[in-house]
Each structure stands twice: as structure tokens, then as C-alpha cells.
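User: I have just opened this entry and would like a guided tour. Could we go through it topic by topic?

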Amino acid sequence: MFGKGAIRGLAAPEAAGNATTGMAMGALLALGLPVSATAAIMLAAFRQYGLQPGPLLFENSADLVWALLASFFLAMVVLLIINLPFAQLWAKLLLIPKPYLYGGIALFCGLGIWATSGAVFDLLLLLGIAVIGFLMRRYDYPVAPLMIGMVLGPLAETSLRDALLSSVGDPRVLISSPIAIVIHLLLLGVVALSVRAAVRRRMRRDV
């Protein structure tokens, strides 16, 4: 049925895409883990306002959490109301040539940066990040891990410094409990499986 306009082929990926939003926000709010690039950006926004996502967020900022969860339900209803009558109009946006579309996005990003800080350095920084993102897209490097790493990097450094201060500089504190050992083994397993999958894809592509 592929290519024949089967509605199931459209509904399945759309449903999967919408399902990832709730899963990502659940992991972010409950565990403080950004499992997507959007969640990583939201984690950075939370920290700018002095909020640390995790189990204590539901206790310390319950009004914010439940308002955010309620906004998801309202957003789905609003999207349904907007998209049903204007679906054909939104589809016309795909006819915009990519150079104009990318140029417009870059323009609005620059205007947003300038309105926020008014500094030329921030615009140059935006340009540098755009060039890095373009090169990563050009040579097929994923962008999401870089964004997540930029958000989690400072958190990891802070946590590592606190752990070493509490143990008077002894790094064995990182593997001093069974829970820590299990987590490290799981992380090593995930990395090993990811490397194995990448190597197998590369070998298949070469063959």
C-alpha cells in the first residue's frame, strides 16, 4: 500500500511521533533525564529559572508540573481544532523552496537572539553553531547527542566534583555501591551495543 495514499501509513508515524513527546517529558520531569533534543533544551530552560527536574520537582513546584501536564492535554485539543480545517493549508508549506525556508528560519533565529541580548557576539556564536550543525548534517553526524551533551556536561561536572569532595578525592566512591556498579555496567552495555550496531551498519554498507 506504500505510495497509494493509505491513511494507516500516515497515521502510524504521526501517532508514534506524538507518543514520543509524552515519554520524553515524563522522563524529564520524573527523573531529570533529557531523552531527546527538545527535552534537553527544556532542561536548560528549567535550570535557568532555578528548577531541577526530578522526583523533588513534583513536591517543590507541584503547581508548575501539573500546569505543564495539563497544557499537553489542552495542546492536543487545540491542535486538533486548528489542523482539521487547515490541514491542506499546512501541506502547502512543503511547496516553499528549501533555500527560502532555511533563510527565513535563520532570520527569525537571529532576530530572537538580538532581541534577547542585543550583543553582536551572540550573533557570531549563532553563526558558528549553525556552521557546525551544517557540517554535522553534511557528514551524517547526529546533532541530538551534541545538544544533550551540552546540557548534561555541566551537570555531570558538578556532580563529579561534589562526589570527589565528599570522598576527599577518592574516585572509588563512584563504584562504592552495588547500585552504582549496576548502572555503570548498564551504561557500558548500551555503549557496546551502539558501537556494535554502528560497525555492522558500516560493514553492510561497504559490502
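User: Which residue lies over the face of Tyr-139?
Analyst: Arg-138 does, at 5.2 Å from the ring centre of Tyr-139. Please keep in mind that this is a predicted model.

User: Let us turn to the helices. What is the extent of α1?
Analyst: Helix α1 has 25 residues. From its first C-alpha to its last it reaches 36 Å, close to the 36 Å expected at 1.5 Å a residue.

User: Which of its residues are buried?
Analyst: Ala-24, Met-25, Ala-27, Leu-28 and Leu-29 are buried in α1. The buried residues of this helix pack against α2, α3 and α4, where α3 covers residues 57-60.

User: Tell me about Leu-29. Why does it count as buried?
Analyst: Leu-29, in helix α1, counts as buried because its relative accessibility is 2%, and buried means under 20%.

User: What does Leu-29 touch?
Analyst: Leaving aside residues up to four places away in sequence, Leu-29 touches Phe-46, Pro-53, Gly-54, Pro-55, Leu-57, Phe-58, Val-65, Leu-68 and Leu-69. As for Ala-39, 10 residues separate it from Leu-29 in sequence, and the C-alpha atoms of the two are 9.5 Å apart.

User: Which residues of α2 are buried, and where do they sit around the axis?
Analyst: The buried residues of α2 are Ala-39, Ala-40, Leu-43 and Phe-46. They sit on the same side of α2, because they cover an arc of only 115° around the axis. An α-helix has 3.6 residues a turn, so residues three or four places apart point the same way.

User: And the other side of α2?
Analyst: Thr-38 and Gln-48 are exposed on that other side.

User: What do the buried residues of α2 pack against?
Analyst: They pack against α1 (7-31), α4 (62-92) and α7 (144-166). After α2 comes Gly-50, which has a positive phi near 75°.

User: What about α5?
Analyst: Helix α5, residues 98-116, holds 19 residues that should span 27 Å at 1.5 Å a residue. Its end C-alpha atoms are 27 Å apart, in agreement with that value. Gly-118 follows α5, with a positive phi near 70°.

User: Which residue has a positive phi although it is not a glycine?
Analyst: Asp-140 is such a residue, with a phi of about 60°. As background, most residues other than glycine have a negative phi.

User: Where is Asp-140, and is it buried or exposed?
Analyst: Asp-140 lies in the loop between α6 (120-138) and α7. It counts as exposed because its relative accessibility is 65%, and the exposed class lies over 50%.

User: Last topic, α7. Where does Gly-149 lie relative to Pro-34?
Analyst: Gly-149 has its place in helix α7. Gly-149 and Pro-34 are 115 residues apart in sequence, while their C-alpha atoms are 9.9 Å apart in space. Gly-149 is partly exposed, with a relative accessible area of 39%.

User: And Leu-146?
Analyst: Leu-146 also belongs to helix α7. At 38% relative accessibility, Leu-146 counts as partly exposed. Gly-133 is 13 residues from Leu-146 along the chain, and 9.7 Å separates their C-alpha atoms.

Methods: Residues are numbered from 1 along each chain as its sequence is written. This is a predicted model: local features need pLDDT of at least 70, side-chain atom pairs count only at pLDDT 80 or more; totals for chains, interfaces and linings use all residues. Side-chain values use heavy atoms; hydrogens and water are left out. A charge sits over a ring if NZ of Lys or CZ of Arg is within 6 Å of the ring centre and within 35 degrees of the ring normal. Buried means under 20% relative accessible area, exposed over 50%, partly exposed in between (1.4 Å probe, protein chains only). Helices (H or I, at least four residues) and strands (E, at least two) are DSSP runs, numbered from the N terminus. The arc is that of the directions from the helix axis to the C-beta atoms. Contact means heavy atoms within 4.5 Å. The expected span of a helix is 1.5 Å times one less than its number of residues.
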